[in-house]
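Let's take a walk through this structure together. Have the sequence and the 3D view open, and go one part at a time.

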Amino acid sequence: MNIQFKKGVLELCVLVVLCRKDFYGYELVQAISKNIDIAEGTVYPLLRRLMKEGYFTTYIQESAEGPARKYYQITDKGKEYQKVLLSDWTSFVAGVNTLIGREDVA
Amino acid sequence: MTKDRFLADLKHALGGMTETERREVLYDYEEHFRMGLAEGKPEEQIARSLGNPRVIGKSYAIDALLEESREGGGVTAASVLRAVFASISLTFFNIIFILGPFLGLVGVMIGLWAAAVSLGLAGVAVFLSPLAALITPRYVTLAGMNPAFLLFAGIGVAGLGVLAVLGMWKLSGLFGQVIAAYVRFNTRIVTRRK
């Protein structure tokens with residue numbers, strides 16, 4: 001799949017996943033790469049950018065199994081942005097599916 | 001690729017960042033490796049799944065550039081323009097303030113060389129003038145002077161000419177070195193990253 005296309009959708013995926021619960025970096029990357037074939041290292045730059053834009057914050061939490069983990073927590077601004085992206089995506093996919101399904105569309 | 005290799009390559013690709021930012025970014029990947037290793041994955045496999053550290057480094061650089069341009073008044077890629085203008089103005093500066101004096105100095109060097117060589121040639125001419133007087137008496141105006149004086153004067157002037165040429169030889173070498181040093185210095189400035 002086209003890499004730029006994936007990157008755009010990746011932003012939506014990260015926000016959608018984080019709306020459900022807080023994730024630590026590795027866990028989030030695994031959750032996404034399990035479903036989408038992408039270089040895992042490209043998720044971290046995206047996380048950093050979205051954090052700088054105020055869509056989520058981070059906190060460090062000790063874990064029982066080992067060293068501390070950096071968790072990502074979505075902000076209200078992030079939730080709003082996720083809604084916008086999700087509705088954009090839904091109407092985009094609906095439009096594409098219409099075009100694919102109907103050969104008479106010019 | 002090993003963990004150390006990956007982190008070193010990434011660190012290198014993040015060269016333009018501040019030390020604090022670079023540490024923050026590297027921390028994420030160190031943590032990623034730590035957790036992958038804890039799951040029992042080999043370093044090689046974790047690094048492969050992450051992708052090319054140089055490409056990853058570039059995406060941080062692009063984000064930083066875009067962020068900077070947003071802060072700088074909302075013009076997209078303003079910082080790129082700023083960088084281009086910076087290098088153009090440096091070139092412009094070179095043309096006006098360096099090329100001018102440089103050409104002036106080259107002119108002075110040519111003039112000094114011409115003076116030194118003509119001094120030597122004049123000496124030889126004076127030295128030979130008594131002989132010339134013997135061959136074509138009518139055309140040599142110095143023929144009226146004492147031939148012995150002309151011979152010695154000619155040797156003296158030619159000697160001065162030789163000294164002047166030797167002096168110019170040294171001066172030219174020095175001139176070349178100064179120009180070379182300047183060019184090196186300038187190239188460093190132009191190619192150096194912030």
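## Chain A at a glance

Of the 106 residues in chain A, 25% count as buried. Keep in mind as you look around that this is a predicted model.

So what is chain A built from? It has four helices and three strands. Start at the N terminus and read along, and the elements come in the order α-β-α-α-β-β-α. There is also a number for how contacts in chain A reach along the sequence: among those between residues at least 6 apart, 48% join residues at least 24 apart.

## The sheet in chain A

Now look for the strands. Three of them make an open sheet in chain A, and its order is β1-β3-β2. The pairing is antiparallel. As a bit of background, strands of a sheet pair through backbone hydrogen bonds, and they can do this in a parallel or an antiparallel way.

Which strands sit at the edges? Those are β1 (23-24) and β2 (56-61) of chain A, each of which pairs on one side only. Zoom in on β1(A) and you'll find two bridges joining it to β3 of chain A, residues 69-74, with the two strands running antiparallel. To see one bridge pair for yourself, pick A:Tyr24: its bridge partner in β3(A) is A:Tyr71.

## Where the two chains touch

Next, turn to the place where chain A meets chain B. How many residues does each chain bring to the contact? Chain A gives 16 residues, and chain B gives 16 residues too. On the chain A side, the elements that supply two or more residues are α2 (25-35) and α3 (43-52) of chain A. The largest share of that side comes from α3(A), with five residues.

What kinds of residues are they? Sorted by class, the side of chain A that touches chain B has six nonpolar, five polar and five charged residues.

## A helix with a buried face in chain B

Finally, hop over to chain B and find helix α3, residues 43-50. Which of its residues are buried? They are B:Ile46, B:Ala47 and B:Leu50. Looking down the axis of α3(B), you'd see these buried residues fall within an arc of 95 degrees, so they line one face of the helix.

What do they pack against?

Technical notes: Residues are numbered from 1 along each chain as its sequence is written. Chains are lettered from A and ligands numbered from 1 in the order in which they are written. This is a predicted model: local features need pLDDT of at least 70, side-chain atom pairs count only at pLDDT 80 or more; totals for chains, interfaces and linings use all residues. A residue is buried if 20 or more other C-beta atoms lie within 10 Å of its own, exposed if 12 or fewer, and partly exposed in between; C-beta atoms are placed from the backbone. The arc is that of the directions from the helix axis to the C-beta atoms. Two residues are in contact if their C-beta atoms, placed from the backbone, lie within 7 Å. Ala, Val, Leu, Ile, Met, Phe, Trp, Tyr, Cys and Pro count as nonpolar, Asp, Glu, Lys and Arg as charged, and the others, Gly among them, as polar. Two strands pair if DSSP finds at least two bridges between them.
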